[in-house]
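Please take a look at the protein shown here, and then read through the questions below.

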Amino acid sequence: MILGVESSCDESSLAIFDPSIGLCGEWVHSQINIHKSYGGVVPDLASREHLINFPFMLQQISQQLSDNKISKVAVTCGPGLSGCLAMGVALAKSLSLYWDIPLAGVNHLRAHSFSPFINLHKENPDKFSENLDQLLPHLGLIVSGGNTILFEIRNDLAIHVVAQTVDDAAGEAFDKGSKLLGLEYPGGPMIEKLATSGDNKKFKFPRAFSGSNEIKFSFSGLKTSLRYALEKMDDKELAKSLSDICASYQEAIVDALILKTKQALVKNQYKSIGLSGGVANNQKLRSEFENLAENYRLPFYLANPEHTGDNAAMIAFAAYVDRLGVKESQDFDLSFYPSLTLDDNM
Ligand code: KG4
């Protein structure tokens, strides 16, 4: 039984994972309402919130903690905000010391990479390892507020980054676009909602590197192009065109993600594809990924909506599945690593 702890940014989360069954419980306290009025996450407020939230959460789940014999504590040790990571690592160290059980430091980005396989485990826990082996090498895309990373999981579970963004992340493009349009944070869900009634061909937004075989992403030009388009409009025109702008803007982001994923599929042989991170909630992106998987006759694994944001379930799961990316620490030397990358082998 693994207790997962996550606090890398603005979600305090705990989860219990039983390798023979799957997730037995998961709890997330989101701070979104606290940061909303600032238009983004305020690091000092976020770490203070973790300090307040975790004791309440532990109190709430005390029954589950005593019913399930916890044999390991797994905690996000990076990347993330220093003060926030420190809260989770300090809590995890204290619990592991108190219960006298091992402590495991988990790379948050590797946990996102494996999160689409939580369902594969749930379908058949006993055969999970064999089933996962059949799906490797795997091509996955993490799309969140801070990351846009195309990666492969190789047969030995080593992760290799295939492409990343050279500037803004896809989620950041949604958030910054939404801010320019005077919409609320986080921008992705707002833009997606308005896009449903818009014409996605009405505005021409750029797709970076679309004429090139180079596999990489860029979204800052897209945001600038939106700003230029808005400068030419008055409030009345903007109100009239808002849903068309949202649909065209969303289309440009999704197109760029799909194009580069397709190029990676042409370049190398993969046995499955996956999608994770907050932007994976976008229906347009999900359905385009489904089409892509169908065209290439590959099984498609998508993170559950509750596992796309920051969550302790994927941290506990990664501590179980990820042989290379977990730093076991018996002597409490585990620290936190704010700038850990996906292909750091921890
Ligand atoms: O994984 P996550 O919590 O990211 C970070 O904390 O970095 O995801 C948050 C990001 C935000 O940028 C948000 O706008 C985006 O995911 N997002 C979406 C949708 N839901 C969340 N983007 C597009 N469509 C959505 N439905």
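The questions and answers that follow concern a predicted model.

Q: Into which domains is the protein divided, and what distance separates their centres?
A: The protein is divided into domain 1, made of residues 2-126 and 307-329, and domain 2, made of residues 136-298. The contact between them takes 18 residues from domain 1 and 20 residues from domain 2. Taken over C-alpha atoms, the distance that separates the centres of domain 1 and domain 2 is 27 Å.

Q: Is Ser272 buried or exposed?
A: Ser272 has its place in strand β9, which covers residues 272-276. Because a residue counts as buried when its relative accessible area is under 20%, and Ser272 has a value of 0%, the word for Ser272 is buried.

Q: With the side chain of which residue does the side chain of Ser272 make a polar contact?
A: Leaving aside its neighbours within four places in sequence, Ser272 is in contact with several residues, including Leu135, Pro137, His138 and Tyr301. The side chain of Ser272 reaches the backbone oxygen of Leu135 at 2.8 Å. The side-chain partner, in a polar contact of 2.7 Å, is His138.

Q: Which residues form a nonpolar patch on the surface together with Ile52?
A: Ile52 lies in helix α2, which covers residues 43-60, and with a relative accessible area of 41% Ile52 is partly exposed. The nonpolar patch to which Ile52 belongs has about 310 Å² of accessible area in total. The residues that form this patch with Ile52 are Leu51 and Phe56.

Definitions and conventions: Residues numbered from 1 in each chain as written. Predicted model: local features only at pLDDT ≥ 70, side-chain atom pairs only at ≥ 80, totals over all residues. Heavy atoms only, no water. Helix = DSSP H or I, 4+ residues; strand = E, 2+ residues; numbered from the N terminus. Buried < 20%, exposed > 50% of the residue type's maximum accessible area, 1.4 Å probe, protein only. Polar contact = N/O pair within 3.5 Å; in protein donor to acceptor, adjacent residues only side chain to side chain. Contact = heavy atoms within 4.5 Å. Patch = residues over 30% accessible without salt bridge, like charges linked within 9 Å, V, L, I, M, F, W, Y side chains within 5 Å. Areas by Shrake-Rupley, 256 points an atom, 1.4 Å probe, with all protein chains shown as cover. Salt bridge = Lys/Arg side-chain N within 4 Å of Asp/Glu carboxyl O. Domains from an automatic or database assignment.
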